[in-house]
Amino acid sequence: MIHEYIADALRNIRNNRLRTALTMLGIVIGIASVIAVFTIGDGLTAYVQNEMGGFSSNMAMLHIDTSITNERFTPEDIRLLDENIPGLAGASFDLESEGILTGKRAAVDASYTAGNAVIKRYVSNKMKYGRYFTEDEVENHAPVCVIAARDAQKLCGTEDAVGQTVEFSLQGRSKTLTIIGVRENYSEAILTIMDAMSEYMALVELPYTVVADLTNMDMKSGVQEILLFGETGSDSNDLMRTSIRFWKNRHGVRDEKAVMSLSMADVSGEIDTIFAAIKAFMSFVAAISLVVGGIGVMNIMLVSVTERTREIGIRKSIGARTGAILVQFLAEAMIISFLGGIVGVTLGITVAAVACYLLKFELLVSPSVVVLATAFSTMIGLIFGLHPARKAAKMKPIDALHF
Amino acid sequence: MGKLVDVIDVSKIYNPGENEVRALDHVNLSIDTGEFVAIIGQSGSGKSTLMNMLGCLDTPTSGTYMLHGMDVSHMTDNEQSDVRNREIGFIFQGFNLIQSLTAQENVELPLIYRGVPKKERQELAVTALQRVGLGKRMDHRPTEMSGGQQQRVAIARAIAQAPPILLADEPTGNLDSGSSREIIEIIKNLHKEGRTVILITHDPGIAKQAKRIVTISDGRIQSDIINPDADVSGEAYEKNRE
């Protein structure tokens, strides 16, 4: 029986094409903007996560507030944290600055990262040739380094530069380092940032002891900042808390605020919060548009009910129950808004596809958003169609017939 | 067994109070199965109100209307819809077809509301349309048909579900004389096949086709006579019209 009503509704929609199309417009625009915003938002999120994916997500930074305590992170602390904190892949010093790398082919500016062996986890690109330096090499001040593939090409003329040597200059002093490993290249985004700072910027990793020797730093007295790397699957916030507690106990520091911390989870959480806020705002705007669209549907259904008063009278006189008339007009309102939803989804995806293409985002259409948007638009037809449909259904056949 | 139609002391009052209009004033009327009754009256006589009452389109202010042994005067809207659907086939002056539907779809409509399965419904509609001589125009819409053809579609719709009562309200009022004669012939034949026909008209020429003539004026039944000249030929009808 229900498909008779749907066929009927479709016939009426076909007979009033222009009017129906105009009525749908509000819903089309509302749904299209929701779909476009969510799809572009998902593309942007994926883009950012992909670029951030270059960094380890299980990483945290600890930072001592020097106005509160004179205690520092020492090599002994690093060793004890490694031994005592479950789930911790390791703690590392992190000395970062710029120097110059000279190979047999070229000399370039170089951004260096010097730490313990676990600093390998800082970035996620895999080793392409050779190996990373070990904790023994760190302790023994071994003059070794790891560079990226494009830097090996630039400095040595070949990506497989393992075994070759480069000259590392820092603050007027220099040291010859043996390349023991070559990493896969960094992501486009990181390289773009690096190259923006200088014409060409190499990225080199080496034991912190080597850098400390070059710069006359006394690491034994400790530094203000270290990095923590969690094992895969560990909770970086949890690691931060236990590590801070461990360090405070060892150094007898009581002040709650002595050590500040920041984890990558916090950073990506903040980004997610911003996106969620943007989505919430756009959803609000779209909801207003959908309500306006719904009022349009109600308006046109009221017109339709008035125009078809006589038809309603005929239907009732030959035996249509109240429910049959109600369902007929509700079905019409819901089909109009459902079709509006479908057109809106199509339009929204099209807009998002064009935007994602131009912005070089991946086009990620979330099926749940599509289903929800369509269901929601149909719901609007139901809600705003109810009043006109009830009006039609409650007509007295005798009055409606003589309209 | 009781009468098919039993109107007992029914009154219908519009605008109760000082300016009240007694459209029906203590009317009593019984009709047996198989009768052919004409209800005749001038406009304003109350015949339309009586027709609405008989067709379950309106409820009486007082009194009782028994149809097929059921008290239909105090039914809910939906119950009345069901009674109209099962018991009564309407033939209106203005045809009352739905313009957006084809002839066959119009005829199927009451069967849809009764819940008849599609295949059976289509067969019944085709049979009814063939019965009124429209077997070749089933896909036409009302706007593509003459008045006489439209009224025949309406008759097909009324008889498709084989209701016990055919209720015709000025069925020839909007038609030329040729079409009128065809329609009256069809109605007379339907009566001959055993259907109960109630014909409401202001036209004595048409009323004389019936075997029983009920005259109504000022909301009261003035006379209720057996018509000795009933079942006359089409020529007699023409003569009566003049």
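This report describes a predicted model with chains A and B, taking domains, interface, cores and selected strands and helices in turn.

## Domains and interface

Chain A is assigned two domains: domain 1 covers 2-51 + 270-401, and domain 2 covers 88-232. Over C-alpha atoms, the centres of domain 1 and domain 2 of chain A lie 58 Å apart.

The contact between the chains involves 17 residues of chain A and 20 residues of chain B. On the chain A side, at least two residues each are supplied by helix H1 (2-15), helix H10 (309-317), helix H11 (322-359) and helix H13 (397-401). That side of chain A consists of seven nonpolar, five polar and five charged residues.

## Nonpolar cores

The largest nonpolar core contains 121 residues, and the members that touch the most others are A:Ile35, B:Ala156 and B:Ile198. Helix H11 of chain A gives the largest share of this core, with 15 residues.

Once residues up to four places away in sequence are set aside, A:Ile35 touches A:Gly344, A:Val345, A:Gly348, A:Ile349, A:Ala352, A:Val369, A:Val370 and A:Ala373.

## Strand S8 of chain B

Strand S8 of chain B spans residues 196-201, and six of its six residues are buried. Burial extends to both faces: B:Thr196, B:Ile198 and B:Ile200 lie on one side, with B:Val197, B:Leu199 and B:Thr201 on the other.

Strand S8 of chain B has parallel pairings with two strands of that chain. Strand S3 (residues 36-40) of chain B joins S8(B) through five bridges, and B:Val37 stands opposite B:Ile198. Strand S7 (residues 165-169) of chain B also pairs with S8(B) over five bridges, where B:Leu167 is the residue opposite B:Ile198. Together with helix H6 (residues 177-192) of chain B, strands S7(B) and S8(B) make a right-handed β-α-β unit.

## The antiparallel sheet of chain B

Chain B has an open sheet of four strands, paired antiparallel in the order S2-S1-S4-S5. Strand S2 (21-31) and strand S5 (70-71) of chain B each have a single partner strand and stand at the edges, so one side of each is left without a neighbour in the sheet.

Within this sheet, strand S1 (residues 5-14) and strand S4 (residues 62-67) of chain B are joined by five bridges and run antiparallel.

Helix H7 of chain A comprises residues 208-215, of which A:Tyr208, A:Thr209, A:Val210 and A:Val211 are buried. The elements of chain A that cover these buried residues include strand S2 (88-102), strand S3 (107-115), helix H4 (135-139), strand S6 (165-170), strand S7 (173-183) and strand S8 (201-207). Just after H7(A), A:Asn216 adopts a positive phi of about 60°.

A:Ile64 belongs to strand S1 (residues 59-64) of chain A. A:Ile64 counts as buried because it has 22 C-beta neighbours inside 10 Å, where the cut-off for burial is 20 or more. Apart from neighbours within four places in sequence, A:Ile64 contacts A:Thr69, A:Arg72, A:Phe73, A:Gln224, A:Ala258 and A:Val259. The C-alpha atom of A:Ile64 is separated by 84 Å from that of A:Pro397, which is 333 residues away along the chain.

Methods:
Residues are numbered from 1 along each chain as its sequence is written. Chains are lettered from A and ligands numbered from 1 in the order in which they are written. This is a predicted model: local features need pLDDT of at least 70, side-chain atom pairs count only at pLDDT 80 or more; totals for chains, interfaces and linings use all residues. A residue is buried if 20 or more other C-beta atoms lie within 10 Å of its own, exposed if 12 or fewer, and partly exposed in between; C-beta atoms are placed from the backbone. Two residues are in contact if their C-beta atoms, placed from the backbone, lie within 7 Å. Ala, Val, Leu, Ile, Met, Phe, Trp, Tyr, Cys and Pro count as nonpolar, Asp, Glu, Lys and Arg as charged, and the others, Gly among them, as polar. A nonpolar core is a set of buried Ala, Val, Leu, Ile, Met, Phe, Trp, Tyr and Cys residues joined through C-beta atoms within 7 Å. Domain bounds come from an automatic or database domain assignment. Two strands pair if DSSP finds at least two bridges between them. A crossover is right-handed if, with the strands pointing away from the viewer, the path from the first strand over the helix to the second runs clockwise.
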